[in-house]
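Visitor: I would like to learn how to read a few features of a protein model. Please take them one at a time.

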Amino acid sequence: MKNTRIIFYSSLLATSLFISSCSSDDSSEQRTEPTTTQLDLLKGTWEESNVTHDGVDSETQIICNNEREQYVFNEDNSFTERYFDDYCDEDFDNGEFELSESSLTLNFDDSSTDVYQIVELNDTTLKISFDDGGVLVEETYVKIN
């Protein structure tokens, strides 16, 4: 009787091992999801949605004809900034940008440079900050295209 049990359990074990070795092994298949880079997230058109100074909403945000400042970031690391002056005259600046995990540097064609800390960057929101004479300015943009 003991021999019968040993043979039965041995057969059961061998069958289990055979079946498990024949089943598909998902872990051996390399499923690679496309990785989204910071550049992938940044490229596109971003429109300003809010500005704060030391955490308080700015009262001096320029909104002209229901339009606000915009940035267009291109895959070739070029950018265009659209902004408005105090008289709501629209103007544009161009240049090239450098992107790292924590900062965004804008090198304008007129040789000026602005450096921002990236607070948040995802597929819908770009939040950058900089120190303006001891005041922490935070600008939030939403992706529109």
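This is a predicted model: local features need pLDDT of at least 70, side-chain atom pairs count only at pLDDT 80 or more; totals for chains, interfaces and linings use all residues.

Visitor: How is a pair of aromatic rings described?

Guide: A pair of aromatic rings is described by the distance of the centres and the angle of the planes. In this structure, a search of the whole model finds 7 aromatic pairs. One of them joins tyrosine 71 and tyrosine 141, with 5.6 Å from centre to centre and 70 degrees between the planes, and is edge-to-face.

Visitor: Which parts of the chain does the pair of tyrosine 71 and tyrosine 141 tie together?

Guide: Tyrosine 71 belongs to strand 3 (residues 70-73) and tyrosine 141 to strand 9 (residues 135-143), so the pair ties together parts 70 residues apart in sequence. Both tyrosine 71 and tyrosine 141 are buried.

Visitor: What kind of pair do tyrosine 116 and phenylalanine 130 form?

Guide: Their ring centres are 5.4 Å apart and their planes stand at 80 degrees, so this pair is edge-to-face. Here tyrosine 116 is in strand 7 (residues 113-121) and phenylalanine 130 in strand 8 (residues 125-132), so the parts tied together are 14 residues apart in sequence. Tyrosine 116 counts as buried because its relative accessibility is 6%, while phenylalanine 130, at 22%, counts as partly exposed. The cut-off that separates the two is 20%, since buried means under that value.

Visitor: Which residues do ring pairs link into a cluster?

Guide: The cluster consists of Tyr71, Phe73, Phe79, Phe97, Phe108 and Tyr141.

Visitor: Which residues of the largest nonpolar core touch the most other members?

Guide: That core has 16 residues, and Leu42, Phe73, Leu106 and Leu126 touch the most other members. At least two residues of the core come from each of helix 2 (38-42), strand 3, strand 6, strand 7 and strand 8.

Visitor: Now the sulfur atoms. How many disulfides are there?

Guide: The count is 1 disulfide. Cysteine 64 is joined to cysteine 88, with an S to S distance of 2.2 Å. The angle about the S-S bond is -80 degrees, and the link is left-handed. Cysteine 64 sits in the loop between strand 2 (56-57) and strand 3, and cysteine 88 in the loop between strand 4 (78-84) and strand 5 (90-99), so the link ties together parts 24 residues apart in sequence.

Visitor: Is cysteine 64 buried or exposed?

Guide: Cysteine 64 counts as buried, because its relative accessibility is 1%.

Visitor: Where does threonine 52 lie?

Guide: Threonine 52 is in strand 1 (residues 44-53) and is buried, with a relative accessible area of 11%. Sequence distance and spatial distance should be read separately. Threonine 52 and valine 137 are 85 residues apart in sequence, and their C-alpha atoms are 5.7 Å apart in space. Not counting residues up to four places away, threonine 52 touches Asp57, Ser58, Leu136, Val137 and Glu138.

Visitor: What is serine 103 in contact with, leaving aside its neighbours within four places in sequence?

Guide: Serine 103 is in contact with Glu98, Tyr116, Gln117 and Ile118. Serine 103 lies in strand 6 (residues 103-108) and is buried, at a relative accessible area of 16%.

Technical notes. Residues are numbered from 1 along each chain as its sequence is written. Side-chain values use heavy atoms; hydrogens and water are left out. Rings of Phe, Tyr and Trp (its six-membered ring) pair if their centres lie within 6.5 Å; planes under 30 degrees apart count as stacked, over 60 as edge-to-face and the rest as tilted. Helices (H or I, at least four residues) and strands (E, at least two) are DSSP runs, numbered from the N terminus. Buried means under 20% relative accessible area, exposed over 50%, partly exposed in between (1.4 Å probe, protein chains only). Contact means heavy atoms within 4.5 Å. A nonpolar core is a set of buried Ala, Val, Leu, Ile, Met, Phe, Trp, Tyr and Cys residues joined through side-chain atoms within 4.5 Å. A disulfide is a pair of cysteine sulfur atoms within 2.5 Å.
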